[in-house]
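Take a walk through this model with the coordinates open beside you. We begin with one residue pair, then widen the view.

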Amino acid sequence: MNLSPNIELKSKLEKPEVIGAVITQRKNKVNLCPVNWQVVSSEYKSPMVVCIGLSHGNYSREVILATKEFTYAYPSQEQLKDILYCGTVSGREVNKLKQMALQFLPAKKNKCPILKDAVLNFECTLMQTVEMETFSILIGKIEIIHGSDKSALDKIYALGGMEYGVIEKVKILQTGRT
Ligand SMILES: Cc1cc2nc3c(=O)[nH]c(=O)nc-3n(C[C@H](O)[C@H](O)[C@H](O)COP(=O)(O)O)c2cc1C
């Protein structure tokens with residue numbers, strides 16, 4: 001009996017998965033890496049954290065371990081093309097920012113900038129790292145949250161099968177918990 005996880009089932013029923021952007025800076029070089037492996041904690045407990053899963057070969061992981069900070073952002077729909085491009089090349093080899101239109105703004109606490117025109121930006125400082133076989137889970141404490149005039153429905157999603165898009169509508173089924 002094969003008890004290994006059924007990845008096709010996960011892909012079919014778990015998508016859409018929100019796409020986040022991890023922004024780092026080492027010396028003067030700003031870099032951006034899109035991620036699906038992400039969890040942002042609820043506002044109920046302090047500290048609020050962002051958890052991201054980054055492959056061991058990933059340049060952003062290396063920079064975060066060295067600088068102890070990163071920005072986690074939810075890019076908006078106009079940024080989709082550039083965000084996906086950033087997932088096809090590594091900042092170790094190229095300066096991604098020279099190849100695209102994304103713009104950045106200075107952060108308030110961190111050296112690493114925030115993503116202009118994103119839905120939300122979280123300035124994070126590295127709290128803890130959990131090492132797995134092929135990747136690391138980096139846990140960042142959310143220091144500052146930057147909002148925008150975008151809507152929550154401007155966030156972008158991996159829809160499965162190399163398709164990417166937005167969720168256009170939400171439908172309220174109930175108001176209140178009982
Ligand atoms: C939509 C999307 C989601 C991705 N999610 C992850 C992820 O969660 N973790 C990861 O390590 N790489 C992920 N990747 C791949 C990285 O973005 C890719 O390897 C990137 O080139 C790494 O850039 P860097 O080396 O400059 O950090 C994703 C790529 C795309 C396009």
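A158 sits opposite Y164, a residue of β12. Strands here are DSSP runs of E with at least two residues, helices are runs of H or I with at least four residues, and both are numbered from the N terminus. The model is predicted: local features need pLDDT of at least 70, side-chain atom pairs count only at pLDDT 80 or more, and totals for chains, interfaces and linings use all residues. Residue numbers start from 1 along each chain as its sequence is written.

Now look at the strands around that pair. β11 and β12 run antiparallel and share 3 bridges. Two strands count as paired if DSSP finds at least two bridges between them. Strands of a sheet pair through backbone hydrogen bonds, either parallel or antiparallel. The open sheet has 3 strands in the order β1-β11-β12, with antiparallel pairing. β1 and β12 are its edge strands, each pairing on one side only.

What lies between β11 (157-160) and β12 (163-165)? A loop does, and M162 is in it. M162 has a positive phi, near 65°, although it is not a glycine. M162 counts as exposed because it has 7 C-beta neighbours inside 10 Å. The cut-offs are these: 20 or more other C-beta atoms within 10 Å of a residue's own make it buried, 12 or fewer make it exposed, and anything in between is partly exposed; C-beta atoms are placed from the backbone.

K27 has 8 C-beta neighbours inside 10 Å, so it counts as exposed.

Next come the cis peptide bonds. One joins K15 and P16, with omega about 0°. P16 lies in the loop between α1 (7-14) and β1 (17-18). Another cis bond runs from S46 to P47, with omega near 0°. P47 belongs to the loop between β4 (38-40) and β5 (49-55).

Step back to the whole protein. It has 3 helices and 12 strands. Of its 178 residues, 28% count as buried. The radius of gyration, taken over C-alpha atoms, is 17 Å. That agrees with a compact globule, because 178 residues would give a value near 16 Å by the rule of 2.2 Å times the number of residues to the power 0.38. The C-alpha atoms fill a box of roughly 50 × 45 × 35 Å along the principal axes.
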